[in-house]
Amino acid sequence: MAASRALLPAPHARAAGSRLAAASAAPLPSSLALPAARGRGARGIRCAIVSSPAPVAPPPSESDSSLRISRGGSGGTLRPKPAVLVAEKLSEAGLAVLREFADVECAYGMSPAELLAKVAQFDALIVRSGTKVTREVLEAGRGRLRVVGRAGVGIDNVDLQAATEAGCLVVNAPTANTVAAAEHGIALLASMARNVSQADAALKAGKWQRTKYVGVSLVGKTLAIMGFGKVGSEVARRAKGLGMHVIAHDPYAPADRARAIGVELVSFDEAIARADFISLHMPLIPTTSKIFNDESFAKMKTGVRIINVARGGVIDEDALVRALDSGKVAQAALDVFSVEPPPKDSKLVLHENVTVTPHLGASTVEAQEGVAIEIAEAVVGALKGELAATAVNAPMVPAEVMSELAPYVSLAEKLGRLAVQLVAGESGIKGVKVVYTTARGPDDLDTRLLRAMVTKGLVEPVSSTFVNLVNADYTAKQRGLRITEERVAHDSPAAEAPLESIQVRLSQVQSKFAGAISDGGDIVLEGRVKYGVPHLTLVGPYEVDVSLEGNLILCRQIDQPGMIGKVGNILGQRNVNISFMSVGRTFRGKQAIMAIGVDEEPDKETLEQIGAIPAIEEFVFLEL
Ligand SMILES: NC(=O)c1ccc[n+]([C@@H]2O[C@H](COP(=O)([O-])OP(=O)(O)OC[C@H]3O[C@@H](n4cnc5c(N)ncnc54)[C@H](O)[C@@H]3O)[C@@H](O)[C@H]2O)c1
Ligand SMILES: O=C(O)[C@H](O)COP(=O)(O)O
């Protein structure tokens, strides 16, 4: 094992930040209860699904449902039925589920001011993508509003942090519109290829233009799916049925899911270079924002055709107009826009080679019915205090459990976040192993919260999914992530700390930083909590010691004098503050790793300057 030199002093103790909030709450079912922690008396992990000062009884019978009161289960006192405000069109099937349990008011098309004025009278609010559930709305509802239901996938219109702070659970309906979105993608693909909307408009204007609207065939053409998640894989299945050759790019997709559908996973550049059609299905997150830009359009085949039913912001729309004008992109079919609705004079929308729809991906009768039932059941369940599998904001854990586990929760999430950022290539993550070194017996340490946080770290940076204790295992399963856990006994039974270390291993996966690969071929990261602060202590075979705060640069270099000074100088000249630095090496004079904590992200040139130091063999910048 490598030797380590901590070059900067031990960190000051700092309470690790966490999105998990402490609160008093209803107990979890026994299947999810945390066994008694050693030496601290019996203790259970409790997860508040909603903070409900006056728990609501089961629904009244049909005969008394009009009374707006129900008989409380415990003492027989009469309590008002919960009230649900539905702010956007919800299918009747969902409304029926809601009415079984609650008083329902449908107020479609409210202005923001009307919503603010109304929300305090309701226990739950249901929206689609058109209503902004802002901090002001959540503050206005504070004390009464307990649940926000998003009838669909994207929750970019809900202020999750404010909801969590207000003790308001947010649930969504992540699966019911997948097929509708995929079908819309296929509809746009086919109608674009055959100029259906342009020819339709021309004919309605009295023009019979058979030669102008000669299309292109789909059979035998290569379709690149960018983002091989729920919608992307459904599009792939359907495109194969049309006789297309389907390739996909998704650095985080499980290889076996692709293999099962007969889809080849390739790199981003290969996907866009080989494709005749490119269909976008990735979430809008910082790393995908405007990922389709002048540079990427230049790498595509001339005459490529693009479909977007994901989010408008993944495309640089000005660059797309340029690519359409030059003929680099022959056609585009778009359901989503960076601003919705787009301006009336949008060059993109008005472009003759562009087919557009007004965010209709989820808008089928069946999907809206499915989404409505899914969200209604989730909202009713949450109002009853049940666990919600589609909860998207934090569960609440009692303060005493959190205070002991908080730094490890933070460590687990950060190790996951770092590990997924090290993944490269198209092989996909095959397996994840989390190894806990602990002096506690299996019954004294429940690792579910930690496993959930590793999952959160692995999934959230690369998807639109929000992971918490409630939905972590569900999310991992759905994404094909096989997470196994191992407990290694630490021979210091007197240790007070619940854990000595946590190790995250991604098995047999390519890495953009070869130094993170262990002898066994896995990406390996290990961390410990020191002075209450999570530290990274192992990268592949190299021991390091760097506090996991801010951001991290990892460099692999030949072990020789002067390297720390060279890198430190470059960062200093560029005004990048170094918080910690640590070097680990295999043998003197051989390979070494430098782990550098930086407060802010260095710009591209600074990173290039570091990479240009002759002894540096590779480096990577990681966000925490
Ligand atoms: N138009 C509509 O009405 C409509 C309907 C449903 C979903 N959507 C949107 O479609 C998108 C996909 O939804 P989903 O339910 O399939 O989500 P998902 O989370 O199941 O799939 C997203 C996939 O993108 C991958 N990904 C992340 N970063 C990537 C990158 N840089 N390159 C390539 N792949 C990357 C993830 O690994 C994941 O597999 C989301 O943006 C969602 O908001 C739109
Ligand atoms: O995120 C989603 O589920 C889709 O974009 C659909 O949004 P909508 O419910 O506003 O149609």
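Predicted model: local features only at pLDDT ≥ 70, side-chain atom pairs only at ≥ 80, totals over all residues.
Polar contacts are pairs of N or O atoms within 3.5 Å. An oxygen atom of ligand 2 lies 2.6 Å from a backbone N or O atom of V153, and a polar backbone atom of G154 is 2.7 Å from an oxygen atom of the ligand. The side chain of R311 places an N or O atom 2.9 Å from an oxygen atom of ligand 2. On its own, ligand 2 has 320 Å² of accessible area, of which the protein covers 91% (Shrake-Rupley method, 1.4 Å probe).

Ligand 1 is surrounded by 28 residues, the closest being K230, V231, D250, V309 and V462. The shell divides into 12 nonpolar, 11 polar and five charged residues. A backbone N or O atom of V231 is found 2.8 Å from an oxygen atom of ligand 1. Polar backbone atoms of two further valines lie by nitrogen atoms of the ligand, that of V309 at 2.9 Å and that of V462 at 3.5 Å. The protein buries 96% of the 860 Å² that ligand 1 exposes when taken alone.

The second largest pocket has a volume of about 350 Å³. A pocket is an open set of points on a 1 Å grid over the protein atoms alone, where a 1.4 Å probe fits, with protein on both sides within 12 Å along at least five of seven lines; lining residues have an atom within 4 Å of a point. The volume is the space filled by probe spheres set on the points, which are joined across faces, edges and corners. Of its 23 lining residues, N195, Q198, Y213, E352 and N353 are the closest to the pocket centre. Two or more lining residues come from each of α6 (196-204), β14 (329-334) and β15 (354-356), with helices (H or I, at least four residues) and strands (E, at least two) taken as DSSP runs numbered from the N terminus. The most is given by α6, with four residues. The lining comprises 11 nonpolar, eight polar and four charged residues.

Residues are numbered from 1 along each chain as its sequence is written, while chains are lettered from A and ligands numbered from 1 in the order in which they are written. Local features need pLDDT of at least 70, side-chain atom pairs count only at pLDDT 80 or more, and totals for chains, interfaces and linings use all residues, with side-chain values using heavy atoms and leaving out hydrogens and water.

Conventions
Nonpolar A, V, L, I, M, F, W, Y, C, P; charged D, E, K, R; others polar. Near = heavy atom within 4 Å. Polar contact = N/O pair within 3.5 Å; in protein donor to acceptor, adjacent residues only side chain to side chain.
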